[in-house]
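I set down here what I looked up in this structure, entry by entry. Each entry keeps to one topic.

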Amino acid sequence: MPFRKIPHEVQSGQVMPRPNLSAWLYVTPLMLVLVPFFLLPTLVVLIASFFETDGFGGLLPTFTLANYIDVLTSAQTFLLYVTTLKFAILTWLFTLIIGFLVAYFLVFHVKNQLLAIGLFLICTIPFWTSNIIRMISWIPLLGKEGLVNSTLLGIGVIREPLEVLLYSGLAVVIAYVHQLTIFMVVPIFNSLARIDKRVVEAALDAGASRLDVMRYIIIPMSKSGIALGSTFVISIVMGDFFVVKVMSGGGSASVVSAFYENVGVLQYPIAAASAVLLTLVLITMIALILRVVDIRREITQ
Amino acid sequence: MTVALGEADMPMTRTRRISAVARGDRRPWTFYALAAVFILYVAALYGPMICIYILSFQDIRGGLVFPMKGHSLHWFVDLFTQVRTGDVKGSFDRSIKLAVLVTVITLVVSLMAGLAFRRRFFGDTVVFYLMIGSLVAPGLVLGLGIGLLFQWIGISPSWYTSALGAQLSWTLPFGVLVMFAVMSRFNSVWEEAARDLGATRWQTIRLVVIPVLAPGLVAVALFGFTLSYDEFARTLQTSGSLNTLPLEIWSMTLNVTSPSLYALGTVTTIVSFIIIGACIGAIIVINKRRGVRATGH
């Protein structure tokens, strides 16, 4: 078996891939995890969404659409989606702007390669620490007697402490942006780093303004990074419940927190139906985002 | 358009190079603006975390906000001696064991999958999208599915069965994605040479592939350990009756209003930092040794 670089036409799938036994041997362990712990559980949820509950956590194997009708006709579902989508879009917008600027700075303005890698690492280290801890770390800052309020009171900008800082929609968005900007920085950094700097030089020499360079070179060529980052950010926010629960102080609920409440009272079929609906919404959103990029080629190249 | 630009640019003339240098000398105003954005971002990234580390060292009068009330290790002692805060010690122990287990499995499985994905094979797209699906699936939904599946089969969930699998469904896609990045820089000439010299398949992997990929494998281990150690959403419904550390922290977030919550945050972050430091250090040492060897010969 020759170990050569793959010709491009094979990589992009124009030639039918041959059955390859040894490759399958190598991915068997991966499949032994993905099938029982992703594929089957997903199917179980799908099946359970058509079942009835006996009210005590047991499931009666029937076929009913009642769970879906319940979920789809409830006004609460609509409100939950509006809230969750609002958080998702706001978070997406802020993480995109901050993430792009940070990545752009690191790639195009830090000339020393070693320094750029060091600064990049500084940005990524919090990703490997606890999300919950990073979330609660906003409490001493944003609370009623927190640092922000006492500072503002101290310099006389406000008379009364601001209550909207913590346990509010604002706090939820702050916590999301704090946690998820890294998911934008890394893929955008990667796609920006692949841009040939000479292309930019050539454009400038040919008389392009720096705005033109941004519009016609940098942004189009970082599209794949932006799409990947957006996929991460949106799927995490849409699937989250603990940030909403803690940072909103119970003031708002997300699709998943409502799901979890149903699980808590053993209403598995209804919970399953709302989970299936959420999955469909998520798949649609991700498919729309990924239309701009061939994710497979992007990741494996 | 960008392609055309790229081709036109290939023969770089002398004047262009000079103009590039001249331009590089004076920094545009955007440099300073973006540097300010970057500094603010890093400050916002670390600032709040540093606040809770500081606040966890208060004495017994301490509260959840500034100003600091005294200095002591009271809340750290409180964390490991008080029963009302829960079983911190036990859950810490379980989380470390689980993270080690997840790390080892993630390393082996990601390496194998990374080797397989170098060439197209029948059904590779299915495997790829299963992996991406597993990565973006909402953790709580997957947790419910795994819980129900175990209930139907008749196995009671526990941290070393269902929670282990649930965490692997999260760490493995990350591990394999990191392997993709590592593999894209792997030159298979070395592997071919080993084979030409008569090495068996296992010898090739053990003596050539693994040493060459070592820094990347350390990175995969870093992802495996830290993502498992801090995993919450997928573990919540699959860990059975015994808590892991993030679940313990979660219940404290809802109940405990003393700085012992911050103390736990400090302890768990120190563990994370030790792991991150060890991994980054290992990568630097491996690369340095290589540099020495490469110039020595």
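**Entry 1: Chain B overall**

I looked up burial first: of the 297 residues of chain B, 42% count as buried (a residue is buried if 20 or more other C-beta atoms, placed from the backbone, lie within 10 Å of its own, exposed if 12 or fewer, and partly exposed in between). I note that this is a predicted model, in which local features need pLDDT of at least 70, side-chain atom pairs count only at pLDDT 80 or more, and totals for chains, interfaces and linings use all residues. Residues are numbered from 1 along each chain as its sequence is written, while chains are lettered from A and ligands numbered from 1 in the order in which they are written.

I then read the secondary structure of chain B and found twelve helices and zero strands (helices are DSSP runs of H or I with at least four residues, strands runs of E with at least two, numbered from the N terminus). The pattern along the sequence of chain B is α-α-α-α-α-α-α-α-α-α-α-α. Among the contacts in chain B with a separation of 6 or more, 75% join residues 24 or more positions apart (two residues are in contact if their C-beta atoms, placed from the backbone, lie within 7 Å).

**Entry 2: Domains of chain B**

I found chain B divided into domain 1 (32-72) and domain 2 (87-296), with bounds that come from an automatic or database domain assignment. The centres of these two domains of chain B, taken over C-alpha atoms, are 30 Å apart. Their contact takes seven residues from domain 1 of chain B and six residues from domain 2 of chain B. On the domain 1 side, I recorded four nonpolar, three polar and no charged residues (Ala, Val, Leu, Ile, Met, Phe, Trp, Tyr, Cys and Pro count as nonpolar, Asp, Glu, Lys and Arg as charged, and the others, Gly among them, as polar).

**Entry 3: Chain A overall**

I turned to chain A, which has 16 helices and two strands. Its C-alpha trace spans about 70 × 70 × 30 Å along the principal axes. Of the 301 residues of chain A, 43% count as buried. Residues 24 or more positions apart supply 70% of the contacts in chain A with a separation of 6 or more.

**Entry 4: A helix pair in chain A**

How do the axes of helix α5 and helix α9 of chain A cross? I found that the axes of α5 (residues 113-124) and α9 (residues 169-193) come within 10 Å and cross at roughly 150°, which means that α5(A) is roughly antiparallel to α9(A). The crossing of α5(A) and α9(A) is left-handed. In this contact α5(A) contributes A:Phe120, A:Cys123 and A:Thr124, and α9(A) contributes A:Ile182, A:Val185, A:Val186 and A:Phe189.

**Entry 5: One residue, A:Thr53**

I located A:Thr53 in strand β1 (residues 52-53) of chain A. A:Thr53 counts as partly exposed because it has 19 C-beta neighbours inside 10 Å. Leaving aside residues up to four places away in sequence, A:Thr53 touches A:Leu59, A:Gln267, A:Tyr268 and A:Pro269.

**Entry 6: Where the chains meet**

I found 85 residues of chain A in contact with 83 residues of chain B. Helix α2 (residues 21-48) of chain A provides the largest share of the chain A side, 19 residues. That side of chain A divides into 61 nonpolar, 16 polar and eight charged residues.

Note on methods
Axes are lines fitted to C-alpha atoms, for helices over the stretch in contact, and angles run from 0 to 180 degrees between N-to-C directions. Angles under 35 degrees count as roughly parallel, over 145 as roughly antiparallel, 65 to 115 as roughly perpendicular and the rest as oblique. A crossing is left-handed if the near helix is turned anticlockwise from the far one by less than a right angle, and right-handed if clockwise.
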